[in-house]
Amino acid sequence: MSWLRRFFGGAEDRDRPSAERRLTDDEMFAAQHAQRLTEIINESMQLSRNSVNPSTKVSRLELARARLEELKALSARYPFIRITELEGIEKNIEDFGREYASGGFYAAAAGDRLDYAPDISRAQDSPAWSGLIQGARFCATLQLRTPLRVLTRHGESWTREEARPPIARESWEGFWAAETVTWRELGIDLPEMSSSQASEIGPVPSDGGEFLKFLVAVRTIVEADGPLEFRRLRLRDLLRDSRWQEFVKRLEGTEAIVRQFFPPFIETIKGLSREAVAELWERGLTTPALLSEAPDRDILSVRGIGPAKLRGIREACAAAASRDSEFVDLVQR
């Protein structure tokens, strides 16, 4: 049974531009995480129903309940993620819970339910906390744009005995995921499910693996103090390292990576075509200072630049942080 459907509007909306837009990086990450949660719910419900071991039946049912609450919270944050048959899923869980309680599988009275809120910190008083959820693990969004302060905290654990440490300043930077007990800890002789995480290059090991090391190395350079030109050179040197070539290739190459952090100033001026940018570069009009000093007639002689775009160029030069640099620092810390 498919419990998760991702789409942009109904069939009648699919010809509209808004319905055809591509997922952003954080939306893609959320969609992949939602799909994984769906798989866990499905597997857990099947194991709970088919097992003859009472502890397995209860623990897998409560894992499905906890993951469903996490999925609902994700759906509330990202409206394009829609859970089909939600009422039926919740009813199945509640029916199983009552059946298990009346059958003696729960110590609680018949009809009691274990309440897992989307915010894990509010689940700490649940009767099943000590038996199922050990705590939470921070999952950083594994992308080039993620700040170093977040990447270095990936995998950090939290338990109810501690105050949850502040890490992500914005929701896209990362999230806390519940850490459940293992099969072995439940006394069940089954192999653990492989654990992976979505990233900018696709699934990677849950600990981030070599890709996390690459991201940390990149962000260490681009966030360092020092002149922009020096950081650009150091970044290029890093991207030539043989250890990172596969990652560089999957991120569309050295130029694309460098431009993400330090694009040419004239490329950041709104409204300019590629042809206009290329011609300005060929003429040596590459810095705010040089563009400011150029007569209007020289700039207007560039193909595709008229009075309106000339005004935009003048405004961009006036607002530039550096007058003499050909490049712009877009690094967010």
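Visitor: Why is W244 called buried?

Guide: W244 has a relative accessible area of 3%, and because buried means under 20% (exposed is over 50% and partly exposed lies in between, with a 1.4 Å probe and protein chains only), W244 counts as buried. This is a predicted model, in which local features need pLDDT of at least 70 and side-chain atom pairs count only at pLDDT 80 or more, whereas totals for chains, interfaces and linings use all residues. Residues are numbered from 1 along each chain as its sequence is written, and side-chain values use heavy atoms, with hydrogens and water left out.

Visitor: Why is the pair of W244 and F247 called stacked?

Guide: The planes of W244 and F247 are 25° apart, with 6.2 Å from centre to centre, so the angle falls under the limit for stacking and the rings are close enough to pair. W244 and F247 also belong, with F211 and F214, to one aromatic cluster.

Visitor: How do you know that the charged end of R232 sits over the ring of F327?

Guide: The test asks that NZ of Lys or CZ of Arg be within 6 Å of the ring centre and within 35 degrees of the ring normal. The charged end of R232 is 3.7 Å from the centre of the F327 ring, and the charged end of R145 likewise sits over the ring of W172, 3.8 Å from its centre.

Visitor: Why is helix 8 called roughly antiparallel to helix 10?

Guide: Axes are lines fitted to C-alpha atoms, for helices over the stretch in contact, with angles from 0 to 180 degrees between N-to-C directions. The axes of helix 8 (residues 228–239) and helix 10 (residues 254–261) come within 10 Å and cross at roughly 150°. Angles over 145 degrees count as roughly antiparallel (under 35 roughly parallel, 65 to 115 roughly perpendicular, the rest oblique), and helix 8 is therefore roughly antiparallel to helix 10.

Visitor: Which residues make the contact between helix 8 and helix 10?

Guide: With contact meaning heavy atoms within 4.5 Å, R232, L235, R236 and L239 of helix 8 meet T254, E255, I257, V258 and F261 of helix 10.

Visitor: Why is E252 called exposed?

Guide: E252 has 69% relative accessibility, which is over the limit for exposed, so E252 counts as exposed. E252 is placed in the loop between helix 9 and helix 10, and has a positive phi of about 75° although it is not a glycine.

Terms used:
Rings of Phe, Tyr and Trp (its six-membered ring) pair if their centres lie within 6.5 Å; planes under 30 degrees apart count as stacked, over 60 as edge-to-face and the rest as tilted. Helices (H or I, at least four residues) and strands (E, at least two) are DSSP runs, numbered from the N terminus.
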